[in-house]
Amino acid sequence: MQLLRFIPIVLTLGLAGCQTATDGLSTSAVPAEVTGPAAGAIAGDMAGRFAEQAGSTSTPIKLHKDTSEFSVALEAALKGWGFAIVTDDKSASAKDATKPVELAYSIADVDGQVLARLSTETLELGRAYSVSNGVATPASPLSLMKRN
């Protein structure tokens with residue numbers, strides 16, 4: 001019966017991956033109710049799980065510049081794990097032969113929980129969080145998909 005609870009989340013993650021983007025991965029804005037410590041907690045947890053799966057921090061991460069609290073917290077959390085962050089094409093050095101990995105993120109309200117997702121061309125992570133009184137706690141196991 002516990003497994004049935006997660007079916008809507010798994011379906012949502014699957015459908016979220018069906019977006020069409022003309023210029024690669026897409027990023028969506030953070031809902032207004034996910035701010036401050038909750039945004040920081042979600043970003044910190046997701047950045048940690050991303051670091052575990054990515055393996056190496058030597059490849060720079062390209063993030064689309066966003067002023068939302070989640071975006072700022074995610075950038076700080078990734079830097080905390082040792083990733084170099086590139087926010088636009090002009091930031092990349094011509095001398096640097098390492099092409100940045102584009103990291104898209106989304107966060108959305110789904111059935112009273114917050115669903116966070118990080119995606120690259122080869123890796124996708126997702127997790128649901130319960131947010132109460134400005135505190136976010138994981139409400140589901142980590143969903144992980146690796147592509148070749």
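Mentor: Two strands pair if DSSP finds at least two bridges between them. Keep that in mind for this predicted model.

Trainee: How many bridges join strand S1 to S2?

Mentor: S1 covers residues 61-62, and it runs parallel to S2. At least two bridges are needed for a pair. The number joining S1 to S2 is two.

Trainee: What pattern does the protein chain follow along the sequence?

Mentor: Start with the parts. The secondary structure comes to three helices and eight strands. Read along the sequence, the pattern is α-α-β-α-β-β-β-β-β-β-β.

Trainee: What share of the residues of the protein chain count as buried?

Mentor: Buried means under 20% relative accessible area. The chain has 148 residues. It exposes about 8,400 Å², with carbon and sulfur atoms supplying 56% of that area. The buried share of the residues is 38%.

Trainee: Which element gives the most to the largest nonpolar core?

Mentor: This core has 28 residues, and Ile42, Phe50, Ile61, Phe70, Leu74 and Leu78 touch the most other members. Two or more residues come from each of helix H2 (36-54), helix H3 (69-80), strand S4 (104-110), strand S5 (113-119) and strand S6 (123-132). With eight residues, the top giver is H2.

Trainee: Which residues does Leu78 contact, leaving aside neighbours within four places in sequence?

Mentor: Leu78 is among the core residues that touch the most other members. Contact means heavy atoms within 4.5 Å. The partners of Leu78 are Ala47, Phe50, Ile61, Leu63, Phe83, Ile85 and Leu103.

Trainee: Is Leu142 buried, partly exposed or exposed?

Mentor: Leu142 sits in the loop between strand S7 (135-138) and strand S8 (143-146). Its relative accessible area is 26%. Buried means under 20% and exposed means over 50%. So Leu142 is partly exposed.

Trainee: How far apart in space are Leu142 and Arg49, C-alpha to C-alpha?

Mentor: In sequence they are 93 residues apart. Yet Leu142 touches Arg49, along with Leu125, Gly126 and Arg127. Between the C-alpha atoms of Leu142 and Arg49, the distance is 8.3 Å.

Note on methods
Residues numbered from 1 in each chain as written. Predicted model: local features only at pLDDT ≥ 70, side-chain atom pairs only at ≥ 80, totals over all residues. Heavy atoms only, no water. Helix = DSSP H or I, 4+ residues; strand = E, 2+ residues; numbered from the N terminus. Buried < 20%, exposed > 50% of the residue type's maximum accessible area, 1.4 Å probe, protein only. Core = buried A, V, L, I, M, F, W, Y, C linked by side-chain atoms within 4.5 Å. Areas by Shrake-Rupley, 256 points an atom, 1.4 Å probe, with all protein chains shown as cover.
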